[in-house]
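Hi everyone, thanks for coming along. Let me walk you through a structure that may be new to you, one piece at a time.

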Amino acid sequence: MEFGSTGRELSRRAALLGMAGLGAAGVAGCRLAVDEARGAVGGGPRRGGTLVMGVNIDAKPAAVQSQGPISIAWRGLVFEPLTSYDAAGVPQPMLARSWELADGGRTVTLHLRDDVRFHSGRPMTAQDVIFSLRRTTQPAAQSQVKPIALLIDDMSAPDPHTVRLRLKRPAANLFDLFQYAMILDSESAAGIASGRAMIGTGPFVWRSWTPGSQLTLVRNPAYRVPGRPYLDRVEQPVFTDPTALVTAVRGGRAHVVFGITPLDARGLSKDERFHVNRGISLAYVFGLNTSTPPFNDPQVRRAVAYAIDRERIVKQVFAGYGDTSSLWWSRKEPGWDAAQAGVYRYDPARAKAMLRQAGVAGTQVTIDVINTLGVMSTAQIVRYDLEAVGLRVATKVYENVDFSSRLVKGALGQAYLNSIGMADMSAATIVSSSPMLTPGHNPSHFTTPEYGAAVNAALTASAADRPAVVRRLAAYMQDQAFIHSLGMSNSISVQSQRVRGLRFDVVGSFLLDSTYLV
């Protein structure tokens with residue numbers, strides 16, 4: 001089965017410059033600078049300039065093959081994947097120009113571009129692709145798609161621009177791996193962890209990084225796309241204080257800010273100088289430990305779902321940038337179902353009766369919470385709602401690193417609150433890759449043969465069978481109620497109207513190859 005430039009047969013699914021002219025030349029100069037800040041100056045793409053992007057989390061170079069806040073602002077600028085989903089969920093060529101599937105999907109042949117060079121000047125070859133795919137299986141990569149990469153039984157290179165993969169079984173979510181696994185320079189990869197050698201194929205070159213302070217990227221003059229990128233430089237200063245992010249963009253110290261709170265974004269949206277971007281979907285989840293009382297009782301777990309006011313979370317925490325949802329994946333999943341997304345409606349009277357019938361009214365429960373503003377705000381609402389239906393609730397906040405370590409080890413307590421940052425991926429990838437949902441090892445300690453079979457069915461479903469299989473998976477998860485989705489929000493960035501052509505890929509990475517300033 002041959003795929004050309006579109007690959008449509010596989011359905012899945014995609015500091016300090018600020019107002020640089022202010023004060024330059026009297027009233028006329030001031031007026032020009034203000035007009036530019038409002039995007040009033042047009043004329044098409046402009047070459048040159050420095051884009052300043054304020055971020056709230058420092059870069060973590062080792063996470064180049066992991067999608068999240070520590071990499072989302074820079075990895076798609078310096079590195080590139082084999083394929084990338086378009087808005088319709090169809091994989092499109094990137095470093096792989098075409099591909100073929102054979103033997104029922106167990107053999108995959110990737111034909112690589114022959115005009116790709118790393119920033120060092122060395123041509124990219126099949127060996128770099130093989131190295132990069134292998135790295136995703138290693139702990140250092142922190143890759144969410146490690147389970148997919150582990151399905152690769154053998155990799156070979158018939159020639160320098162062809163890679164042949166032999167899979168243990170067909171993988172319905174194989175192109176999720178190709179989207180996440182940025183291709184690295186195998187000869188310099190030892191320097192990645194320290195940020196000493198960040199050599200990719202993307203439109204920008206990693207110039208310098210001062211941990212905790214700023215990352216600086218510069219234009220790749222040898223990028224394979226003629227005339228791109230337009231920008232000369234991208235600077236990413238770190239602002240750990242949310243108020244400082246708002247001040248930076250409002251005052252012109254930054255053209256773009258990432259990591260801003262929904263409430264702050266809502267305020268900036270009322271100013272004509274700025275535009276709010278809604279990025280990847282984030283599923284806010286409430287996990288319950290099924291191995292100990294009171295959540296070893298499915299009825300109690302279901303009661304909790306009816307007790308929580310999801311509309312209030314969307315309004316107060318998400319500031320309207322999101323939707324209520326009882327599903328763990330977004331509308332981009334072909335198996336997403338509107339009825340299932342609304343299966344648990346706010347019904348405190350029903351929840352109270354169910355808890356009383358189960359004999360657990362008045363039980364003390366503790367919720368472990370990750371130290372992020374959105375989750376902590378959600379925890380306040382959840383605590384209030386559960387107390388309103390008869391439980392006694394305490395919360396315990398953990399710093400991000402500690403919480404994440406406990407989550408992976410399955411060492412959280414009676415209940416926990418967190419978010420899933422890969423909610424735009426396939427349901428199969430979410431349930432097999434998120435440590436909160438993985439069969440056999442999750443902090444809810446929920447493991448049944450039925451759940452394992454439902455996950456496996458999603459992982460191996462054909463495109464035609466996928467929607468029905470995903471709906472069956474969701475129905476089982478909702479019935480067992482070991483982890484609840486409370487709502488679907490978005491990562492948010494705000495940009496000055498001076499910024500044009502800013503794009504994102506389907507997993508939320510910033511793409512600045514076509515970006516320019518006016």
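I'll begin with a definition: rings of Phe, Tyr and Trp (its six-membered ring) pair if their centres lie within 6.5 Å, and planes under 30 degrees apart count as stacked, over 60 as edge-to-face and the rest as tilted. By this rule, the count here comes to 14 aromatic pairs. Take Trp 328 and Trp 329: their ring centres are 5.6 Å apart and their planes stand at 50 degrees, so this pair is tilted. Both Trp 328 and Trp 329 are buried, where buried means under 20% relative accessible area, exposed over 50% and partly exposed in between, with a 1.4 Å probe and protein chains only.

Before I go on, a word on the source: this is a predicted model, in which local features need pLDDT of at least 70, side-chain atom pairs count only at pLDDT 80 or more, and totals for chains, interfaces and linings use all residues. Residues are numbered from 1 along each chain as its sequence is written, and side-chain values use heavy atoms, with hydrogens and water left out.

Back to the rings. Phe 446, Tyr 451, Tyr 476 and Phe 482 are linked by ring pairs into a cluster. There are charges to look at too; a charge sits over a ring if NZ of Lys or CZ of Arg is within 6 Å of the ring centre and within 35 degrees of the ring normal. Arg 266 lies over the face of Tyr 321, 4.0 Å from the ring centre, and Arg 312 lies over the face of Tyr 384 at 5.2 Å.

Now to strand 8, residues 162–167. Helices (H or I, at least four residues) and strands (E, at least two) are DSSP runs, numbered from the N terminus.

Lys 168 sits in the loop between strand 8 and helix 5 (174–180). At 52% relative accessibility, Lys 168 counts as exposed. Its side chain reaches the backbone oxygen of Leu 150 at 3.1 Å.

Finally, find Tyr 344 in the loop between helix 10 (338–341) and helix 11 (348–357). With a relative accessible area of 9%, Tyr 344 is buried.

Definitions and conventions: A polar contact is a pair of N or O atoms within 3.5 Å; within protein, one must be able to donate a hydrogen and the other to accept it, and residues adjacent in sequence count only if both atoms are side-chain atoms.
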